[in-house]
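Trainee: I would like to go through this structure with you. Please show it first, then I will ask.

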Amino acid sequence: MEKMWTNEEGSITIAKEVIGQIAGMAAMECYGLVGMASRNMQDGLAELLGQENLTKGLAVKVSEDKVELELNIIVEYGTNIHEVAQNIIDKVTYTLKDSVGVEVEKVDVNVQGVRVGNES
Amino acid sequence: MVMKANEESKPQNQSNDSPKDQNPKQIDGSMLISMLRGAQWYLKESESHINSLNVFPVPDGDTGTNMYHTFKEAMNNLDGKSLSKVNQITSQIARGALMGARGNSGVILSQLLRGFSEANKENEILDVEQLAKSFRRAASVAYNGVMKPVEGTILTVASKAAEGAELSSENNLDIVNTLQNTLEFAKQALEKTPEQLPALKEAGVVDAGGKGYVIILEGMLRGLQDKDDIEFDEEILQKEVKPEKEKPEKEEELTYMYDTQLLIDIEDSSNNVLEKIREELNNYGDSLIVVGSESTVKVHVHTNHPGIVLEYALQQGSIKDIVVENMQLQADKKTEPNIKATEVSDIQKNKDKVKEIKPRGIIAVAQGEGFSTILQELGVDKIISGGNTNNPSTNDFVKAIKEIKAREIMLLPNNKNIVSSAEQAASLVDKKTAVLSTTSIPEAIASLMVFDEDIDLFELKDKMEKEIEDLKTIQITEAVKESKINGFEIKPGDIIGVYNDDILCCGENYVDVILEIFEKKYEGEELVTIYFGENTDREHALNIKESLKEYSVPEIEVYKGGQPIYSYIISLE
């Protein structure tokens with residue numbers, strides 16, 4: 001279901017893919033997040049997704065007047081994962097409110113993997 | 001910051017007059033601790049300056065505060081441990097920063113420190129070569145931590161700083177000169193950040209995180225050089241005693257004294273007007289920024305002759321929003337907010353009120369000049385214009401909260417539709433902020449009567465909310481369209497009385513409607529206050545007061561509210 005507003009002059013609908021994409025882009029700008037993980041985890045392996053498949057790593061649920069998000073992410077080893085996740089939640093909530101005008105009711109961040117940076 | 005062109009990429013040479021022990025070739029544990037203490041102290045000093053550079057309305061609070069807290073946590077991890085080896089110190093610092101990271105910039109800083117530590121796993125002392133490697137490693141670890149590294153941020157500054165250190169190492173310089181070059185390169189990279197990120201350029205600032213890194217490097221250098229003069233112990237840090245030497249900002253060599261900003265409405269617009277102005281003004285100062293369209297141009301320049309700049313601008317067209325700031329004074333105060341063109345007039349207006357840091361600030365939403373004046377007299381620091389038809393956004397609140405120089409903030413939304421965005425804003429900012437659930441301006445006025453700076457913010461919130469429990473607010477307005485509601489048939493032009501969002505009664509003239517409301521709602525309250533709106537006047541309001549005689553209210557007060565839409569807002573308490 002998409003997000004919809006109606007007034008006397010007409011209506012606005014925003015597909016949930018759009019909300020997902022914007023959330024994904026916002027999350028990616030957060031320091032510490034190095035990738036999204038696929039939600040299809042039958043084989044138990046977190047798969048690092050490229051930018052074009054970004055939205056596979058997140059689920060969007062839209063009901064009457066609230067949006068719920070689930071993000072599956074991979075973080076860089078050695079960062080404060082709790083703080084990174086917190087930053088992501090703040091950033092995504094803020095961006096969606098700011099650019100789409102939707103209130104995010106809930107953001108679940110699942111850290112599916114840790115990437116150990118390349119030794120130089 | 002003023003950079004001399006000939007320093008661009010040439011390592012500085014050792015200055016001749018420095019005594020020998022000031023130019024060591026190696027850093028041992030105690031020197032490293034002095035350096036880090038210096039960085040912590042300088043970061044604390046610069047916290048509000050860095051905060052003022054924030055241009056993005058980011059939700060993660062202020063960069064300066066986040067970086068300082070992260071660094072402080074890192075340093076606290078050294079407490080109670082007597083460490084003498086470089087590798088022990090850096091690994092404790094890295095661990096402390098990891099645990100204490102706050103906000104995006106804090107996480108990046110923790111990664112920089114982790115990289116620095118990783119390069120020193122085996123080192124008990126640091127030589128120049130190792131120092132250069134450490135700075136490089138810090139930068140590359142930091143780059144690794146993000147999906148799309150953005151240039152023009154702290155990452156760029158860290159990478160350039162490492163370049164400066166590497167170049168010094170190749171030239172076999174000593175530690176002090178190496179740090180000087182590292183700092184110099186970092187500063188140059190910082191100066192270029194506005195070229196890399198348009199948002200910075202637009203606001204006329206450099207990147208805040210990058211500035212933070214420069215501050216840390218500069219603090220490290222000062223900590224090393226001044227270590228015999230200054231004891232960087234906790235007590236001194238808390239008292240924020242400045243060292244006897246020059247003030248930090250003065251080191252930035254203020255060649256040009258006046259920060260000059262203005263807008264020009266161009267008279268004869270030609271294609272390359274921006275280019276032309278840029279070329280001309282370049283002769284009068286530095287940090288020149290000329291942006292805009294063919295018709296309106298924003299100019300920002302640091303100059304010693306603001307008059308000439310203004311004269312030149314006048315030749316181009318009419319000018320407005322002129323700001324000339326003495327940067328020397330600014331540098332001394334160091335707490336001036338970053339002023340954006342559009343906000344200049346607002347900030348100027350409020351400047352007198354917000355200058356001093358006070359323990360507690362109050363922000364209220366109101367419409368109508370009468371109400372604004374009343375609220376300001378009651379101690380409200382900032383009025384956000386808004387109400388029924390014009391709900392302020394979360395961002396408006398966040399901006400206002402940041403603008404007010406107070407440690408704690410009380411928000412009075414004064415409308416039930418605005419409460420949620422006020423609460424949202426409160427959750428986004430770093431300052432301790434309480435939102436009072438006021439749904440009308442009389443509630444705000446009543447609650448402000450018990451405002452108190454001495455009790456806990458949230459206790460105060462409860463106390464203020466208690467004060468408005470028994471307050472009744474009645475709003476009187478004219479109907480604009482036909483409607484049927486609550487069993488009333490309302491015609492356009494009818495006078496309606498609204499209580500708690502319900503239409504209580506309707507009629508053809510104000511006096512009748514108000515009397516009817518009193519019949520239903522007046523329960524012997526001691527004080528009735530009538531605020532008249534912009535579409536009515538005091539005389540009429542006094543008539544109404546007269547007509548209320550029969551209720552023998554102990555006290556009836558009449559004030560100008562100046563609000564739109566509602567001809568009268570009446571409170572009973």
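Trainee: Which residue in β8(B) is the bridge partner of B:Val365?

Mentor: Before the answer, note that this is a predicted model, in which local features need pLDDT of at least 70 and side-chain atom pairs count only at pLDDT 80 or more, while totals for chains, interfaces and linings use all residues. Residues are numbered from 1 along each chain as its sequence is written, and chains are lettered from A and ligands numbered from 1 in the order in which they are written. Strand β7 (residues 358-366) of chain B runs parallel to β8(B), joined to it by four bridges. In β8(B), B:Val365 has as its bridge partner B:Ile384.

Trainee: What is the strand order of the open sheet of four strands in chain B?

Mentor: Helices (H or I, at least four residues) and strands (E, at least two) are DSSP runs, numbered from the N terminus, and two strands pair if DSSP finds at least two bridges between them. In this sheet the pairing is parallel. β8 (382-385) and β10 (432-435) of chain B each have a single partner strand, so one side of each is left without a neighbour in the sheet. The order is β8-β7-β9-β10 (chain B).

Trainee: At about what angle to β7(B) does helix α15 of chain B run?

Mentor: Axes are lines fitted to C-alpha atoms, for helices over the stretch in contact, and angles run from 0 to 180 degrees between N-to-C directions. Two residues are in contact if their C-beta atoms, placed from the backbone, lie within 7 Å. Helix α15 (residues 369-377) lies across β7 and β8 of chain B, and its angle to β7(B) is about 165°.

Trainee: Why is one side of β15 and of β17 of chain B left without a neighbour in the sheet?

Mentor: These strands belong to an open sheet of six strands with mixed pairing, in the order β15-β14-β11-β18-β16-β17 (chain B). β15 (502-507) and β17 (555-560) of chain B stand at the edges, so the reason is that each has a single partner strand.

Trainee: Which residues touch the most other members of the largest nonpolar core?

Mentor: A nonpolar core is a set of buried Ala, Val, Leu, Ile, Met, Phe, Trp, Tyr and Cys residues joined through C-beta atoms within 7 Å. A residue is buried if 20 or more other C-beta atoms lie within 10 Å of its own, exposed if 12 or fewer, and partly exposed in between, with C-beta atoms placed from the backbone. This core has 95 residues, and those with the most contacts to other members are A:Ile88, B:Ala158 and B:Ala186.

Trainee: Which element of chain A gives the largest share of the side that touches chain B?

Mentor: The contact takes 21 residues from chain A and 24 residues from chain B. On the chain A side, β3 (33-37) and α2 (81-100) each supply at least two residues. The largest share, seven residues, comes from α2(A).

Trainee: What percentage of the residues of chain A count as buried?

Mentor: Chain A has two helices and seven strands, in the pattern β-β-α-β-β-β-β-α-β along the sequence. Of its 120 residues, the buried share is 40%.
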